[in-house]
Amino acid sequence: MAQGTVQVTHTGTSRWRRRTGEYASLAAALEAAADGDVLTVAAGTYRENLVIQRAVTLRGPEGSAGSVRIAPVDGVPLTVRASAVVQDLLVEGQDSAAPALLVEEGTPELMDIRIVTRSAAGIEVRGGARPTVRRCTVDNPAGVGISVLDGGGGVFEECEVVAAGQSGVSVRGGAHPRLERCRVHHTAGVGLSVTGEQSALEAVGCEVYEVRGSGVQISARATAHLTDCDVHRTTSDGVTLDTDAVLTLADCRIHDIPENAVDLRSRSVLTMTRSTVRQFGRNGLSVWDPGTRVDANQCEIHDSTGDYPAVWVSDGATVVLDSCRVHDVPDALFVLDRGSRADVVDSDISQVRNTAVSVSDGATAQLDDCRIRDAATGAWFRDHGSGGTLSGCTVDGTQTGVIVTKGADPTIERCTVTSPAEAGFYVSAGGRGSFHGCRVTDSGGYGFHVIDGCRATLKKCRTERCARGGYEFADAGGDPAAGTGPLVEDCTSDESAHARPAAQETTAVQATARSSGLLGAIPGQRVTEQEPLIAASGPEQPARTSEAVLGELDLLVGLDSVKREVRALTDMIEIGRRRQEAGLKAASARRHLVFTGSPGTGKTTVARLYGEILASLGVLEQGHLVEVSRVDLVGEHIGSTAIRTQEAFDKARGGVLFIDEAYALSPEDSGRDFGREAIDTLVKLMEDHREAVVVIVAGYTAEMERFLSVNPGVASRFSRTITFNDYGAEELLRIVEQQADEHEYRLAPGAAEALLKYFTAIPKGPAFGNGRTARQTFEAMVERHAGRVAQLAETSTDDLTLLYAEDLPELP
């Protein structure tokens with residue numbers, strides 16, 4: 001068959017009428033062909049707009065898939081309007097207003113077609129067409145990969161959208177295709193998009209990934225069923241449902257999502273069965289608005305990569321988790337707003353950094369026969385109108401088992417809290433709650449701790465082996481008869497036969513001065529249980545004079561501007577002291593400082609020397625340094641942050657409190673962060689004890705500027721900002737030389753020059769450690785030197801001490 005010709009095998013009703021002919025163009029061949037004929041197209045490029053209107057077979061030559069190229073200048077390259085068979089073609093389109101392959105009627109079979117185009121759509125199916133599309137690929141960086149619309153349908157088997165400038169697969173206008181074992185990836189829009197009333201998509205064994213947008217989007221009363229599908233590596237949400245959308249996920253996997261794994265709004269409904277959600281940056285399930293609902297059965301949500309709750313239910317939405325697992329997340333389940341509800345049955349919640357279940361703003365949570373373990377807080381009912389029921393649940397290995405605050409009123413029935421670090425059940429700030437048949441064992445604090453006149457009800461509860469006591473009703477004036485204290489009935493403890501409210505106890509009590517952990521300063525603690533207060537140990541009064549300490553500061557490499565600032569401060573303080581001794585007024589020198597700069601620039605070292613200088617001048621009693629960061633100050637429970645901050649301040653009393661990366665106390669997304677409480681506590685302590693502690697906050701320059709700008713109360717407490725500049729190559733070399741001299745090594749000829757080139761070339765990005773990098777470089781040289789010299793049978797002093805250029809490590 002000649003190049004560029006079409007062979008048509010004509011088949012009639014009788015085998016005796018079979019005949020063959022060749023045609024110079026596809027259009028001519030199609031015109032001559034009848035139903036059932038086979039058109040075999042010779043290899044070549046055809047600049048024709050083909051329209052197939054009969055039930056023919058159109059194919060390329062056997063063994064040469066893709067050798068037939070349909071590539072007109074504009075318009076639709078290939079239109080199918082009959083139940084034809086089309087296979088082994090390469091279709092190219094250039095018309096941004098038209099599809100490359102259009103199926104308008106019939107039930108055609110499209111097989112092994114490769115579409116490389118810049119069209120409105122790679123494949124478009126519309127109207128009553130019901131094609132079967134097998135092993136076809138679409139590469140369309142300008143438009144939609146596959147578009148099914150206006151009532152169209154069909155089955156797509158083992159097809160692949162390798163690139164799309166918009167959605168990978170778009171279903172709208174009442175269309176209803178089925179995808180089987182298809183792959184959709186590298187799209188500039190949604191991976192699978194289904195929108196509009198009566199529009200539906202069924203996908204089985206499909207994969208959607210590398211999507212710039214949401215992986216799957218169902219909206220405007222559309223429905224979809226996904227079975228055994230993978231959605232991963234998107235830039236937005238994994239799955240989104242909006243406006244009465246309905247989606248069923250069975251045996252699906254949604255993972256590696258930077259935003260919400262699944263987000264539902266506006267009366268959408270999701271049913272999940274045996275599906276997993278993991279490695280998500282925001283919420284695993286984000287459920288909003290009245291009428292929106294998720295029913296999840298035998299599902300797993302785990303391994304969050306962000307700082308958000310795994311399941312978020314708000315604005316009147318409903319979530320049902322049945323036989324599910326939620327683990328390795330910052331928070332597990334947050335239910336917010338009146339009308340919002342979560343029902344959790346026979347499920348496991350574990351490895352939660354903060355709160356397993358949080359109920360607030362009038363929401364409701366019902367947990368039946370659930371297991372919570374290894375969380376900071378098991379369940380927290382936060383405020384008035386918030387409630388629900390915990391029934392038959394176990395809470396193990398938490399800081400606090402259940403917290404009830406600010407008028408919340410849950411019912412806790414037949415629940416067991418084991419090994420809480422602070423309290424089994426904690427009720428404060430006007431919290432209520434009914435506790436029936438509950439049990440606390442092996443608490444590091446109290447079993448039940450009810451304070452502030454809370455009107456909680458305890459019936460037939462039991463505590464065992466609680467370190468600070470089974471029950472504590474620490475209440476300033478609470479009176480059960482007047483309705484301002486707890487009601488206790490038939491509660492027992494292994495300490496005594498029965499528990500009684502504090503107002504009825506006769507044991508003498510005394511308030512402790514302070515306590516670590518969530519419970520803070522608790523009125524009514526037993527004298528025998530009061531923890532001893534251990535003063536922070538610090539160095540003895542330094543023997544060195546301020547000039548001696550300043551001399552050590554001067555020996556530090558670089559930091560010229562820092563040295564000038566510190567010496568100026570020292571001079572101001574010294575002259576102020578002399579003026580006071582002479583009976584003159586002394587200027588009030590604020591001693592709190594801000595240190596800005598990159599890591600490894602000597603901020604901690606200078607802070608230590610500054611404390612020693614102030615001690616030598618008699619400004620501070622000891623001058624010792626207490627270094628803390630966010631993790632040391634910010635707790636996970638109400639009240640615990642203030643306690644941690646107070647404790648750190650007390651340890652630094654008489655010295656310097658150095659807060660590294662202080663900007664972390666005020667993150668940009670700080671809606672429910674306790675860092676603000678640390679800042680407020682710190683500001684008050686600095687004001688109340690201004691002579692006792694010097695506070696230095698430190699961190700990267702830009703972040704500290706933001707921190708001070710959003711916290712004017714903090715900024716007003718500091719006298720000045722000292723900037724620590726990055727070290728230059730020559731200064732890094734001097735640090736290595738100092739390290740070598742201190743450890744009895746020497747730089748061989750040429751080594752200093754090599755080091756200078758090394759420090760000039762080393763990347764100065766966020767990972768650059770300044771002085772730390774210099775010390776690590778020296779340590780690496782020593783290690784490589786040891787590996788080299790260890791191979792020598794005999795060694796001289798030079799062998800053991802000289803570091804050569806070849807001992808330098810590779811550049812990072």
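Arg265 first. At 32% relative accessibility, Arg265 is partly exposed. This is a predicted model, so keep that in mind throughout. What does Arg265 pair with in a salt bridge? The partner is Asp263, and the N to O distance is 2.9 Å. Is Asp263 buried or exposed? Asp263 is buried, at 5% relative accessible area.

Next pair. Glu300 and Arg325 form a salt bridge, with their closest N and O atoms 3.2 Å apart. Where do they sit? Glu300 is in strand S37, residues 300–302. Arg325 is in strand S40, residues 325–329. They are 25 residues apart, and the pair links distant parts of the chain. Arg325 is partly exposed, with 39% relative accessibility.

Now a network. Which residues are joined by salt bridges that share partners? Glu158, Arg178, Glu180, Arg181 and Glu202 are, and they make one network.

Last pair: Asp244 and Arg221. Their side chains form a salt bridge at 3.9 Å, N to O. The cut-off is 4 Å, so this pair counts. Both residues lie in loops. Asp244 is between strand S29 (239–242) and strand S30 (246–250). Arg221 is between strand S26 (216–219) and strand S27 (223–227). The pair therefore ties together parts that are 23 residues apart in sequence. Arg221 is partly exposed, at 46% relative accessibility.

And the total? How many salt bridges does a search of the whole structure find? It finds 37. Among them are Asp263 with Arg265, Glu300 with Arg325, and Asp244 with Arg221.

Conventions. Residues are numbered from 1 along each chain as its sequence is written. This is a predicted model: local features need pLDDT of at least 70, side-chain atom pairs count only at pLDDT 80 or more; totals for chains, interfaces and linings use all residues. Side-chain values use heavy atoms; hydrogens and water are left out. Helices (H or I, at least four residues) and strands (E, at least two) are DSSP runs, numbered from the N terminus. Buried means under 20% relative accessible area, exposed over 50%, partly exposed in between (1.4 Å probe, protein chains only).
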